[in-house]
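Student: Before we discuss helices and aromatic rings, may I see the sequence and the structure?

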Amino acid sequence: MASKEGPVCQIFSFQDWKASPDPILELPAQYLTHTPSPIVIDNGSFQTRAGWAAPGAELDPPRLLFKSVAARSRGAARSETQIGNDIPNLEPLRWLLKSQFDRNVVVNFEIQELIFDYVFTHLGITSEGSVDHPIVLTEAPCNPLHCRQMMSELLFECYSVPYVSYGVDSLYSFYHNNSQRKLQSPHTGIVLSSGYHCSHILPVINGRLDAVNCKRVNVAGSQAASYLQRLLQLKYPGHLAAITLSRMEELLHEHSYTAVDYHEELEKWRSPEFYEREVHRMQLPFSSKVPGGCVSVEERQERRAQQLRRLQEINARRREEKLQQDQERLDRLLAVQELLEDGLLDQFHKSLVELNMDSAEELQSYINKLQLAVEQGRQKLLHSDGAEGKAEVGVLPSSLKSRIWLYRLDFPMDETDGVALMDSDFPEDSLPEKPANVVQPVFNMAEYHQLFVGTERLRCPEILFQPSLTGEEQMGLMETLQYVLARYTPEQQEALVSNVFLTGGNMQYPGMKERVERELLAMRPFQSQFKVTMASCPALDAWHGARGWALEHPPGAGSEGWISRQDYEEKGGEYLSEHCASNAFVPMKIAKPARPAEPPVTMQASTEASAAITMVTSDPTPSFSSTSAVADVTMVTT
């Protein structure tokens with residue numbers, strides 16, 4: 001919420017956070033026991049968090065935390081790709097950035113493999129060709145089977161991990177906070193999760209996700225940041241380059257809030273006193289030097305003298321370099337000519353080919369031209385050394401300075417340019433110089449480079465409840481919640497709203513919990529009860545919950561929630577071992593093509609065989625008898 005009292009003028013500066021490369025950590029010895037410690041990876045669409053699930057370190061934060069992006073220039077090798085914190089500043093490379101996500105679903109597995117390489121390398125895993133630690137990985141709610149199949153294939157085939165467990169990040173956060181609150185399991189409630197690309201409504205009934213009634217809203221943090229960027233760029237068209245997406249994300253995280261009553265809060269901003277008290281002035285970086293300030297005559301003369309001396313030095317240096325290059329080329333051509341004089345015709349013709357010349361006459365012509373150029377260069381160098389002190393800066397007109405600089409900017413300087421510029425035969429201009437005591441207008445550069453962020457502080461978070469503000473034709477978060485609740489019986493609705501849980505990085509705005517409570521009060525029946533709880537750390541609780549689950553459920557053959565290499569090979573990559581924080585597993589149904597009609601075939605078989613086998617495959621194995629076929633066939637093909 002906006003504070004009621006505060007300073008009259010609040011000026012803030014952008015932090016412009018720059019990432020520093022992550023160190024390559026050493027693998028602790030206690031993690032390499034006969035049962036290696038699991039690696040917990042919260043594979044978020046905004047940030048990736050990775051660390052160890054080791055006993056005794058329950059309060060430690062994740063070892064790695066970096067943005068889920070990769071940057072590689074066009075045509076560069078795969079090894080030159082920068083990941084996460086190796087990219088110091090995202091803005092210059094934003095057009096080169098790639099992510100493994102399409103909204104909140106992993107689709108680019110080449111980038112995902114680079115993310116895994118970065119995680120395993122910086123966690124200190126040095127085993128060749130395999131990762132001998134179980135992996136706990138988060139995935140999107142109702143993740144498509146094809147995406148899970150590709151992820152399992154990547155982990156088992158590329159990294160040869162022994163076990164993998166998949167879970168939903170917001171459900172990990174839900175169970176982690178329920179455990180901290182000492183709630184009795186199985187838990188029932190409804191989770192409101194809002195991340196970087198999507199927001200979700202996830203009902204949980206008796207400890208299991210009700211996947212049929214899960215809903216997604218395609219409005220979250222990235223849309224709020226883009227909306228804020230458009231608003232400020234329209235408001236300040238002179239600072240388009242300074243209004244970057246990274247700074248908008250900082251504005252959202254540090255200076256935005258959610259209004260409990262949106263329209264009532266907008267009415268408050270109509271008051272000038274409220275505006276002056278609550279507006280945040282964001283100071284952009286700028287240079288305090290104003291061009292064309294008050295400069296005395298002596299300073300201008302000194303600057304002209306320095307410019308002329310610098311120009312003379314540049315001319316002299318270029319003449320020397322040109323003379324040296326011509327002399328070296330002349331020596332080379334004379335050496336080739338000596339080969340002809342010595343009678344070494346083969347070497348002479350070979351050297352002519354290297355010089356791209358056709359005959360000895362052409363060689364002699366080049367030698368004559370170079371000798372003349374070298375002699376003229378030496379003469380100009382001697383004349384320039386003698387004429388360095390002739391030009392007096394004090395008598396130069398004001399137009400000379402502009403001519404010198406325009407000439408330097410518009411035309412490349414040759415060896416003869418310096419002599420022309422230092423020639424004193426310039427026509428005098430009759431334009432008088434400006435007096436030194438002219439009063440310059442006062443211009444506050446600092447105020448010009450300030451962004452006044454007023455109603456934008458609450459308009460951008462509001463799109464989570466009113467996506468129509470950005471032109472999105474879909475329901476807001478609370479409308480979707482009402483639609484989901486309407487699909488349950490009144491008794492189930494009471495159980496769900498008794499534990500409304502808010503999690504996700506986009507739920508950290510001040511006033512978010514109060515806004516959800518106000519919306520629930522409006523949609524629920526009169527005198528009904530509900531309870532809204534905010535995650536203790538909405539951005540990191542998913543990783544902490546996944547680590548807590550891994551410590552409570554150690555991996556092993558047949559363990560709940562873990563997929564072994566044998567399960568992957570027998571049941572396919574899309575297989576999911578369900579647990580309290582996972583998606584619901586729906587097997588992939590593959591429709592077999594219809595077989596062409598076959599003429600009826602008269603078969604003589606026993607009564608038992610015809611009762612057990614309702615259809616005979618087209619390729620029966622002749623080595624089996626009918627009696628053994630009845631005993632062995634347990635699946636009927638359709």
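Tutor: Helices (H or I, at least four residues) and strands (E, at least two) are DSSP runs, numbered from the N terminus. The expected span of a helix is 1.5 Å times one less than its number of residues. This is a predicted model, in which local features need pLDDT of at least 70, side-chain atom pairs count only at pLDDT 80 or more, and totals for chains, interfaces and linings use all residues. Residues are numbered from 1 along each chain as its sequence is written, and side-chain values use heavy atoms, with hydrogens and water left out.

Student: What distance does helix α2 reach from its first C-alpha to its last?

Tutor: Helix α2 covers residues 145-158, which number 14. At 1.5 Å a residue, 20 Å is expected. Close to that value, α2 reaches 19 Å.

Student: Which residues of α2 are buried?

Tutor: Buried means under 20% relative accessible area, exposed over 50%, and partly exposed in between (1.4 Å probe, protein chains only). In α2, the buried residues are C147, R148, M151, S152, L154, L155 and F156.

Student: How many aromatic pairs does a search of the whole structure find?

Tutor: Rings of Phe, Tyr and Trp (its six-membered ring) pair if their centres lie within 6.5 Å; planes under 30 degrees apart count as stacked, over 60 as edge-to-face and the rest as tilted. Over the whole structure, the search finds 13 aromatic pairs.

Student: What is the angle between the planes of F174 and Y175?

Tutor: Both F174 and Y175 are buried. Their rings form an edge-to-face pair, 5.3 Å centre to centre, with the planes at 75°.
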